[in-house]
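Please find below a note for a colleague who is meeting this structure for the first time. The points take up the ligand, the domains, the pocket and the cavity in turn.

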Amino acid sequence: MSLISFVRDEIAIVRERDPAIKSSMEVLLYPSFKAMLHYRTAHRLYCKKHYFLARWISQRCVRKTGIEIHPGATIGKGLFIDHGAGVVIGETAILGDNVTLFQGVTLGGNGKEKGKRHPTLGDNVMVSAGAKILGSFTIGENSKIGAGSVVLQEVPPNSTVVGVPGRVVKRDNVKIPRMDMDQVTLPDPILNDINHLKQENKELKEEIAALKEFIAPK
Ligand SMILES: CC(C)(COP(=O)(O)OP(=O)(O)OC[C@H]1O[C@@H](n2cnc3c(N)ncnc32)[C@H](O)[C@@H]1OP(=O)(O)O)[C@@H](O)C(=O)NCCC(=O)NCCS
């Protein structure tokens, strides 16, 4: 892709997703624009095994924008990183098309995996401010990850995930009811056993009385 069409695409992406932008020129000031410009070059160098140079460019980008994209990460079309500061995208992360990330997002490893260690994000995924997605699993397309969430396992498509650890609260725009949180009327297994024994005892007494009546009628 030529530099001109890259800039044109970036303008369209930012204008579509950031209501705060006032003119196309402002795109040149966006950390997301600078980060993608650096990533394009760094990724090309990484693919040609120029690892040192690739890292040098990506680290330069961190100093300028606060966004660290490992040159080995695979990024689709239309990524937008709003505000940027504190965003980390790991080496084996894979991002689909039209992904949106906010400041403070980590697409990282959990420290237990080798090889593919970072998440895969489907098309149109949105990861809100401060959210951490840790591990090599997939976040299904069109899913939203809530601000401050820590996601540690696979997320199906079209889901909203919130909390620590992250849990699916909506799927296909339908709310998923919480687990029963009633701590007043908790089940009492001992009382249940006692009631069961009482019932058995009552039935046995009735049977014995019936037998006595049968053997020796009054
Ligand atoms: C997750 C989010 C995208 C909303 O997605 P949504 O699919 O529209 O979900 P809803 O707003 O219907 O919320 C669903 C439930 O999750 C809860 N929830 C939403 N965001 C949450 C969060 N970050 N943490 C904890 N709970 C959250 C809601 O209170 C709601 O709970 P309820 O069912 O008990 O009422 C949004 O809340 C969010 O986190 N946005 C942050 C965007 C951002 O980073 N902005 C920074 C700009 S600088």
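**Notes on the model**

1. A backbone N or O atom of Ala147 lies 2.9 Å from an oxygen atom of the ligand, a polar contact in the sense of a pair of N or O atoms within 3.5 Å. Taken alone, the ligand exposes 920 Å², and the protein buries 55% of that, with accessible areas from the Shrake-Rupley method with a 1.4 Å probe.

2. On the basis of the work: this is a predicted model, in which local features need pLDDT of at least 70 and side-chain atom pairs count only at pLDDT 80 or more, while totals for chains, interfaces and linings use all residues. Residues are numbered from 1 along each chain as its sequence is written, and side-chain values use heavy atoms, with hydrogens and water left out.

3. In total, 15 residues surround the ligand (a heavy atom within 4 Å), and they divide into six nonpolar, five polar and four charged.

4. The domain assignment, automatic or taken from a database, gives domain 1 (3–175) and domain 2 (187–218). Taken over C-alpha atoms, 68 Å separate the centres of the two domains.

5. The largest pocket has a volume of about 220 Å³; on a 1 Å grid over the protein atoms alone, a pocket is an open set of points with protein on both sides within 12 Å along at least five of seven lines, and lining residues have an atom within 4 Å of a point. Of the 13 residues that line this pocket, the closest to its centre are Met1, Phe6, Gly76, Lys77 and Gly78. Helix H1 (3–17) gives the most to the lining, with four residues, where a helix is a DSSP run (H or I) of at least four residues.

6. How many cavities of 30 Å³ or more does the structure hold? There is one, a cavity being a set of grid points where a 1.4 Å probe fits but cannot get out. The volume of the largest cavity is about 50 Å³, and its lining residues include His38, Tyr39, Ser58 and Cys61. Helix H2 gives the most to this lining, with four residues, and the lining as a whole divides into seven nonpolar, two polar and no charged residues.

Key
Points joined across faces, edges and corners; volume = space filled by probe spheres on them. Helix = DSSP H or I, 4+ residues; strand = E, 2+ residues; numbered from the N terminus. Nonpolar A, V, L, I, M, F, W, Y, C, P; charged D, E, K, R; others polar. Polar contact = N/O pair within 3.5 Å; in protein donor to acceptor, adjacent residues only side chain to side chain.
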